[in-house]
Amino acid sequence: GRHVDAVKLWFAWKYFGKEGYSKRIGNLIDVAKYAERIVNSNSQLQLLAPRQSFTVCFRYVPADESDLNAFNLSLREALRKSGKVVLNYGYIGKAVALRLVITNGEMQKSDVDLFFLNIMDVASSLERNKVLANVEED
């Protein structure tokens, strides 16, 4: 890697100390586990890969949607445009995976709650708009 990246780690280690750094990493893992539990407990969310670190890969499963990839890409874009959430994505096999990457050592479970509240709110709005558009076409 680049040598300057090591300096960033060194400064952080000096600032937080061994115990402080350990607590921050522990918090990241706890928050990621919490996010994974939220996904697993919500029937409209689907975990696409078991969490192995600080990243939770999932997708939203709407009631009437044949193209889950298109819906989740639309959801990601709508979230970005709302200014509430900037969410990364990737592919796991052929499935679009929305990726919650927990990297802020200050992040709390309440932040994850707000994140998923925003996801569910925007996804519900997209579903309602699609239903209304289908009704107007008929």
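Predicted model: local features only at pLDDT ≥ 70, side-chain atom pairs only at ≥ 80, totals over all residues.
Student: Which strand is Arg59 found in?

Tutor: Residues are numbered from 1 along each chain as its sequence is written, and side-chain values use heavy atoms, leaving out hydrogens and water. Strands are DSSP runs of E with at least two residues, and helices are runs of H or I with at least four, numbered from the N terminus. Residues 55-60 make up the strand that holds Arg59, namely β2.

Student: Which side chain of opposite charge is nearest to Arg59?

Tutor: Arg59 is buried, meaning under 20% relative accessible area (1.4 Å probe, protein chains only).

Student: Which side chain makes a polar contact with the side chain of Arg59?

Tutor: A polar contact is a pair of N or O atoms within 3.5 Å; within protein, one must be able to donate a hydrogen and the other to accept it, and residues adjacent in sequence count only if both atoms are side-chain atoms. For Arg59 the distance is 2.6 Å, and the partner is Gln46.

Student: Is Glu36 buried or exposed?

Tutor: Glu36 lies in helix α1, residues 3-41. Its side chain reaches the backbone nitrogen of Arg51 at 3.0 Å. With a relative accessible area of 15%, Glu36 is buried.

Conventions: Buried < 20%, exposed > 50% of the residue type's maximum accessible area, 1.4 Å probe, protein only. Lys, Arg positive; Asp, Glu negative; His and termini not counted. Salt bridge = Lys/Arg side-chain N within 4 Å of Asp/Glu carboxyl O.
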